Amino acid sequence: MKLITNSIKGTVDVLPAESYKWQFVEDIMRKQAQSYGFKEIRTPVFEHTELFNRSVGDTTDVVQKEMYTFETKGGESVTLRPEGTAGAARAVLEHGVYNDGYPIKAYYLTSCYRYEKPQKGRQREFHQFGMEVYGAPSYFADAEVICAAHSIFERLGVRNISLEINSIGCPTCRAKYHNALKEYFAKYKTELCDTCLSRLDRNPMRILDCKEQKCSEIAANAPTVLDYICDDCREHFEGVKKCLDAEGIKYTVNPKIVRGLDYYTRTVFEFVSNDIGAQGTVCGGGRYDGLIEELGGQHTPSLGFGMGIERLLILMKNQGIEIPKPPVCDLYVIGMDEDSKIRAFQIAEEVRKSSLISECDIVGRTFKAQMKYANKINAKFIIVIGSNEMAENKAKIKNMQTGKETEIPLDENFFNAFLSVYIDNTNSDLMAQLDSMKG
Ligand code: ATP
Ligand code: MG
């Protein structure tokens, strides 16, 4: 087969047979976010470039080399969102969402775009689940979003994932720390990689995060941020730890965690696993008290995290976590000829009205081929309609697992008759499900 083109490098298709895994994970994310009182926010896939230049920080890898930036026909510079925080913050400000009072709690499930070298767990289009809180200076907010991320891993049955936390202080105490770092790294100027050399002046903290072996060896003995943070920042950090302790959530304080984006202040955290491969960070986040001001708003202490869905799915796969299979066809309706196919079509339509899954032939299969197909898709029940059934207005319905057949009417009582056979024959909690649907 010769296609005119293939997908773009670094992008991945999620095919119908696989999408239930995404839906399962997304569903749990939505439910957990809801249980913490968060509501969904959806923002455009592209924004004016300056939004990201200002928010993500112009010393970050993202802004320096990873953004998909292009000029529109109108001559504007726009960028595909590399992360979810900036767009959400822009929208909250633009629409005065803060007029409804603080805190504002929003979550998103969104695609992100970064021009990176594709490898396992690193794509050019990837997806993030994120939670954001605006207007919450208390350390309880930090603890709440960490707990929320933690609860998602718990719900999904993910094991061996460690929470690492750190405080990188506020702009005041960080200035002192930057100086200490500059002094320290200056001694190793000849040994640092080129990227770190360029970081030395503008953002020396990022050197701590470098993946080059030589740089991380040097960084191992660098001054520790926790020795430099001011009393307020220290108190805040102690508060976060107190809450996590109270909840019994295990963590390690890792002073090397600085996060890749420049907007962070005070608390930063990562959930890391060794079961993924090289890209071990599944979730990263922290406090960004200065971001809203940076975007032109009032001082608004805020925080959040982003969780990589692809990495999470790789982790779940590597840990052998079973994701429940999507529901199968409850009733496959077979029509023997043209007339009975119309009746089959109507019956399928009727069954669907009650949220059960029903299918009938849409590809022109013979009777035998329809039987085969019903088997192939694991239909729970089948019903065969031919000229006799049409004439007598009744048909046999067959439980495909037990082989048991029951006769039911093909008139207005059909659906109730089917339902009673269905409930008799399946050990499902369908009754409860139907009850809750009726609400
Ligand atoms: P990394 O150090 O792996 O490059 P990052 O610091 O750039 O990560 P963030 O910007 O904090 O990552 O994004 C949050 C999460 O999004 C990451 O922890 C990861 O799970 C996911 N993520 C980031 N970049 C990619 C990518 N290119 N492909 C897939 N997932 C990604
Ligand atoms: Mg990155």
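**View 1. Contacts of Leu312 in the predicted model.** Leu312 touches Val25, Met29, Phe153, Leu156, Val158, Val282 and Met307, when residues up to four places away in sequence are left out of the count. Leu312 belongs to the largest nonpolar core, which holds 94 residues. Together with Phe129, Phe185 and Met307, Leu312 is among the members that touch the most other members of this core. Helix 5 (residues 139-156) supplies the largest share of the core, namely nine residues. Apart from this core lies another, of 22 residues, which includes Leu331, Ile347, Ile385 and Phe418.

**View 2. Strand 10 and its pairing with strands 9 and 11.** Strand 10 (residues 281-287) is mostly covered, with six of its seven residues buried. Strand 9 (residues 265-273) runs antiparallel to strand 10, and six bridges join the two. Strand 10 also pairs with strand 11 (residues 302-308) in the antiparallel sense, over five bridges.

**View 3. The largest cavity and its lining.** Which residues line the largest cavity? The lining is formed by Thr11, Val12, Val14, Trp22, Gln123, Glu125, His127 and Glu310. By type, the lining residues divide into three nonpolar, three polar and two charged.

How values were computed:
Residues are numbered from 1 along each chain as its sequence is written. Chains are lettered from A and ligands numbered from 1 in the order in which they are written. This is a predicted model: local features need pLDDT of at least 70, side-chain atom pairs count only at pLDDT 80 or more; totals for chains, interfaces and linings use all residues. Side-chain values use heavy atoms; hydrogens and water are left out. On a 1 Å grid over the protein atoms alone, a cavity is a set of points where a 1.4 Å probe fits but cannot get out, and a pocket is an open set with protein on both sides within 12 Å along at least five of seven lines; lining residues have an atom within 4 Å of a point. Ala, Val, Leu, Ile, Met, Phe, Trp, Tyr, Cys and Pro count as nonpolar, Asp, Glu, Lys and Arg as charged, and the others, Gly among them, as polar. A nonpolar core is a set of buried Ala, Val, Leu, Ile, Met, Phe, Trp, Tyr and Cys residues joined through side-chain atoms within 4.5 Å. Buried means under 20% relative accessible area, exposed over 50%, partly exposed in between (1.4 Å probe, protein chains only). Helices (H or I, at least four residues) and strands (E, at least two) are DSSP runs, numbered from the N terminus. Contact means heavy atoms within 4.5 Å. Two strands pair if DSSP finds at least two bridges between them.
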